[in-house]
Amino acid sequence: MRETAISTSRREFLKTSAGFAATVAALGPDRSAWAAGNDTIKIGLIGCGNRGPDAAMNALDADPGVKLVAMAELFPDRLESALEKIKKHCPDRTAVDADHRFVGFDGYKHVIESSDVVLIACSSRFHPKYLRAAVDAGKHVFVEKPHGIDPVGIRATQ
């Protein structure tokens, strides 16, 4: 009997992984992901470039209890265009108020504070720092791409 391999593109893998990560975060052993005793899982997005909005939409598709509440980006125009794209996809669960749209290098800190699950989809050079901050804050984290791209970044996450 001959087995056939199933081929999956990188894009499909990442799309599926983002949804899976949000679901696992919600169903994991640490039930603190539920905010204030309800079934809403607040997600925050760090990085609003090419992959960030898609990661957020995948997470929103994973469960009806997921709600996008905070976003961070270095460039305000990218943040606003990503927000519009996400709102078109899922308007009823995209609730990023103006005071939860963070622009600049320290925006990630505010997203971590505001969220139960943090989606990190920014430039890979920032992944170790943002990942460490989110884990130290006790948050569930989904990191796009490698979380360390050089020896210094890899050692930073250990």
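Two residues are in contact when they have heavy atoms within 4.5 Å of each other. In this predicted model, local features need pLDDT of at least 70, side-chain atom pairs count only at pLDDT 80 or more, and totals for chains, interfaces and linings use all residues. Residues are numbered from 1 along each chain as its sequence is written, and side-chain values use heavy atoms, with hydrogens and water left out.

Of the contacts in the chain with a separation of 6 or more, 66% join residues 24 or more positions apart. The chain holds six helices and five strands, taken as DSSP runs numbered from the N terminus (helices: H or I, at least four residues; strands: E, at least two). Their order from the N terminus is α-β-α-β-α-β-α-β-α-β-α. The chain has 158 residues, and 44% of them are buried. Here buried means under 20% relative accessible area, exposed over 50%, and partly exposed in between (1.4 Å probe, protein chains only). The accessible surface is about 9,000 Å², with 54% belonging to carbon and sulfur atoms. Such areas come from the Shrake-Rupley method with a 1.4 Å probe, and for residues only the protein chains shown count as cover.

A nonpolar core is a set of buried Ala, Val, Leu, Ile, Met, Phe, Trp, Tyr and Cys residues joined through side-chain atoms within 4.5 Å. The largest has 21 residues. Among those with the most contacts inside it are Ile 43, Leu 45, Leu 68 and Leu 119. At least two residues of this core come from each of β1 (41-46), α2 (52-62), β2 (66-73), α3 (76-89) and β4 (117-120). Another core, of 15 residues, lies apart from it and includes Val 111, Ile 112, Leu 131 and Val 143. Beyond its neighbours within four places in sequence, Leu 45 is in contact with residues including Pro 53, Met 71, Ile 86 and Val 111.

Four salt bridges are present, each a side-chain nitrogen of Lys or Arg within 4 Å of a carboxyl oxygen of Asp or Glu. One joins Glu 73 and Arg 78 (3.8 Å, N to O). Glu 73 is buried, at 8% relative accessibility, whereas Arg 78 is partly exposed, at 40%. Glu 80 pairs with Arg 101, with the closest N and O atoms 3.5 Å apart. Glu 80 lies in helix α3 and Arg 101 in strand β3 (residues 101-103), so this bridge ties together parts 21 residues apart in sequence. Within helix α5 (residues 127-136), Arg 132 and Asp 136 are four residues apart, about one turn of the helix. Their side chains meet in a salt bridge (3.7 Å, N to O).
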